[in-house]
Amino acid sequence: MRKVAAAAAVIVALIIGVWFGGHPSWMPGWLRSGFAPESKSEQQFHQILGMINENYYRPVNDESLVNVGLQAAVASLNDPYSHYFPAQQQSEFQQETNPQDSGIGVEVSPETTGMLVVEVFPGGPAAKDGIHPGDLIVGVGKRSIKGVSANDATALIKGSAGTTVRITVDRGKRTLHFAIVRETIVVPVTASKLLHYHGKKIGYMEFTQFTEGSANQLRRQPDQMLHQGAQGLILDLRDNPGGLVTQAIGVASLFVKHGVIVSTRGRSQSTTVFDALGDAIAPSIPLVVLVDRGTASSAEIVTAALQQHHRALVVGTRTYGKGVFQESETLPWGAILDITVGQFFTPDGHNLGGSGVINGRSVTRGPGIKPNVYAADNPTAPGLLAVEVGERVLAGEIHG
């Protein structure tokens, strides 16, 4: 038993050199130099793998051993943001960066008698077929979903794009029946509404994640708010974990006409400076950004750019303090390597992350962004105080 445990431990160390050494073209430079192919290592690897295959008391899966070894190699970087995703987990990673689903395009909340429609995604199948927020879905197909768990009920509604699902809906005193063709749904990451504060119109925009195409999703919101007469805007980035740096540049460029948005620097790349894209649609309207300790990464890039260009006042608490960014690459066998490749710097040259090694981690959180106006939510009524303070601060910036 000890021999097998020792052999498995050696696999973790040796497997990386063999597999990475044989495929150097798609490796980052720093990783390529560390795992050059060595015939002796290859011999040791094959010998140990052969011993396990021949002598272990039950059959083993070579692919599983390889995946464990690669995951252990990335974990040894002591970086909470770097990961290796085996091919079987590729969809999990893609869902994080580009959330999609096949269904009818609604957000629901469980009720005792069914599933309450909280939101209907614009342009989705449910919206086109006449489903409304407030409808109560009480049946799917011939089955009642009263008392059915939220997961099971949602699974009944979802399905492959192009297939039809029949649902029964209670709307007030009426019972309605719909046959809806499911589609691939891009989950919205933004929503907006018009608020009224002491006679002033304020456009409130919630933005939840910097996924592929999210900057274009957000672009529509200021337009809508301005057409409704908004005199100022609130951009809510609370609990926004960040995402793609390209989308952060796009979002900041909606409000900043020119100037540096962010700069990046890594071991294998020189400093790159990213300026505003020059297509701002609201470059002068009063703006407040709401943040908290869950505001991280790309959300901090946007917050810092707007604050340092004196384009917005920041309301809330200090942000998360993440000063590094990751790049991902799909490997020849379908796995994904997502690792930290550099640091980003705000327009005034500051990095928001920590430094040194804390609790065994070499990549640490920093102090984050300090708000212009501090507002911490009451845990018993989350979300309300920061919005109220934001409204008051923004109203003070609106003249006329």
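**A first look at this protein**

Biologist: In which strand does T264 lie?

Modeller: This is a predicted model, where local features need pLDDT of at least 70, side-chain atom pairs count only at pLDDT 80 or more, and totals for chains, interfaces and linings use all residues. Residues are numbered from 1 along each chain as its sequence is written, and side-chain values use heavy atoms, with hydrogens and water left out. Helices (H or I, at least four residues) and strands (E, at least two) are DSSP runs, numbered from the N terminus. T264 belongs to residues 260-266, which form strand 13.

Biologist: Is T264 buried or exposed, and what is its relative accessible area?

Modeller: With a 1.4 Å probe and protein chains only, buried means under 20% relative accessible area, exposed over 50%, and partly exposed in between. T264 counts as buried, because its relative accessible area is 3%.

Biologist: Which residues is T264 in contact with, leaving aside its neighbours within four places in sequence?

Modeller: Contact here means heavy atoms within 4.5 Å. With those neighbours left out, the contacts of T264 are Q269, S270, T271, T272, F274, F325, Q343 and F344.

Biologist: Over how many bridges do strand 17 and strand 18 pair?

Modeller: Two strands pair if DSSP finds at least two bridges between them. Strand 17 and strand 18 make a hairpin with five residues between them, and G334 in the turn has a positive phi of about 95°. The pairing of strand 17 (residues 324-330) with strand 18 (residues 336-345) is antiparallel, and its bridges number seven.

Biologist: Which strands stand at the edges of the open sheet of six strands?

Modeller: The order in this sheet is 10-11-12-15-16-19, with mixed pairing. Two strands have a single partner strand each, so one side of each is left without a neighbour in the sheet: strand 10 (190-197) and strand 19 (373-374).

Biologist: How far apart are the end C-alpha atoms of helix 4?

Modeller: The expected span of a helix is 1.5 Å times one less than its number of residues. Helix 4 (residues 62-75) has 14 residues, so it should span 20 Å, and the distance between its end C-alpha atoms agrees: 20 Å.

Biologist: Within what arc do the buried residues of helix 4 fall?

Modeller: Those buried residues are V66, N67, G69, L70, A73 and V74. The arc is taken from the directions from the helix axis to the C-beta atoms. Seen down the axis of helix 4, its buried residues line one face of the helix, because they fall within an arc of 160°.
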